[in-house]
Amino acid sequence: MPSPRATSAASGDPFEALGDPRRREILHLLSNGRMPVNEIAAALPISRPAVSRHLRLLKDAGLVEEHAQGTRRIYQLQDEGVRAVQDYLEGVWGTAAARFRLLAENSDPSAGP
């Protein structure tokens, strides 16, 4: 199973980026579509420079991308980076879920502890 970093050209670690609740909140906001940095900052209880730092870390981790629109910077989720994290988690949890299902299907519920 490839690691998220191996499938992304980003230099940062996506799981390190996801470790901060503000960055997860930013990703949640962007899950609804593209947003300029000022709208992201308006939705959060932190300063715009702090939002910009979080966005830079998310960008370095391959989770968001930015596009210039005049003088504004518009951010959106970076599909490849988000998909790499999702694939990694599904690989880890999918295997665990399959083992749990196998155990549950092969257990006798009337057999008590």
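Let's start with helix α2 and what its buried side packs against: the buried residues of α2 pack against α1 (14-18), β1 (35-36), α3, α4, β2 (64-69) and β3 (72-77). Please keep in mind throughout that this is a predicted model.

Which residues of α2 are buried? They are Arg 23, Ile 26, Leu 27, Leu 29 and Leu 30. These residues sit on the same side of α2, because they cover an arc of only 160° around the axis. As a reminder, an α-helix has 3.6 residues a turn, so residues three or four places apart point the same way.

Now for one of those partners, helix α4. Two packed helices are described by the angle between their axes and the distance between the axes. Here, the axes of α2 (residues 21-30) and α4 (residues 48-60) come within 10 Å, and they cross at roughly 80°. That makes α2 roughly perpendicular to α4. On the α2 side, the residues in contact are Arg 22, Arg 23, Ile 26, Leu 27 and Leu 30. They meet Val 51, His 54, Leu 55, Leu 57 and Leu 58 from α4. By type, the residues of this contact divide into seven nonpolar, one polar and two charged.

Let me move on to the core. How many residues does the largest nonpolar core have? It has 18, and the residues with the most contacts inside it are Ile 26, Leu 30, Ile 40, Val 51 and Leu 55. At least two residues of this core come from each of α2, α3 (37-42) and α4. The largest share, four residues, is supplied by α2.

Leaving out residues up to four places away in sequence, Ile 26 touches Ile 40, Leu 44, Val 51, His 54, Leu 55 and Leu 58.

Is Val 37 buried or exposed? Val 37 counts as buried, because its relative accessibility is 6%, and the cut-off for buried is under 20%. Beyond four places in sequence, Val 37 touches Arg 48, Val 51, Ser 52, Leu 55, Arg 73 and Tyr 75. For one of these, Leu 55, the C-alpha atom is separated from that of Val 37 by 8.5 Å, with the two residues 18 apart along the chain.

Over on the strands, Glu 65 lies in β2. Glu 65 is partly exposed, with a relative accessible area of 25%. Again not counting residues up to four places away, Glu 65 touches Ile 74, Tyr 75, Gln 76, Leu 77 and Gln 78. Glu 65 and Tyr 75 are 10 residues apart along the chain, and their C-alpha atoms are separated by 5.7 Å.

One more residue, this time in helix α5 (residues 79-105): Arg 83. Arg 83 is also partly exposed, with a relative accessible area of 44%. Its C-alpha atom is separated by 9.0 Å from that of Leu 63, 20 residues away along the chain.

Let me finish by zooming out. The protein has five helices and three strands. Reading from the N terminus, the elements run α-α-β-α-α-β-β-α. Of the 113 residues, 29% are buried. And how much of the contact set comes from residues 24 or more positions apart? Among contacts with a separation of 6 or more, such pairs account for 54%.

Conventions: Residues numbered from 1 in each chain as written. Predicted model: local features only at pLDDT ≥ 70, side-chain atom pairs only at ≥ 80, totals over all residues. Heavy atoms only, no water. Axes fitted to C-alpha atoms, helices over the stretch in contact; angles between N-to-C directions. Parallel < 35°, antiparallel > 145°, perpendicular 65-115°, else oblique. Contact = heavy atoms within 4.5 Å. Nonpolar A, V, L, I, M, F, W, Y, C, P; charged D, E, K, R; others polar. Core = buried A, V, L, I, M, F, W, Y, C linked by side-chain atoms within 4.5 Å. Buried < 20%, exposed > 50% of the residue type's maximum accessible area, 1.4 Å probe, protein only. Arc of directions from axis to C-beta.
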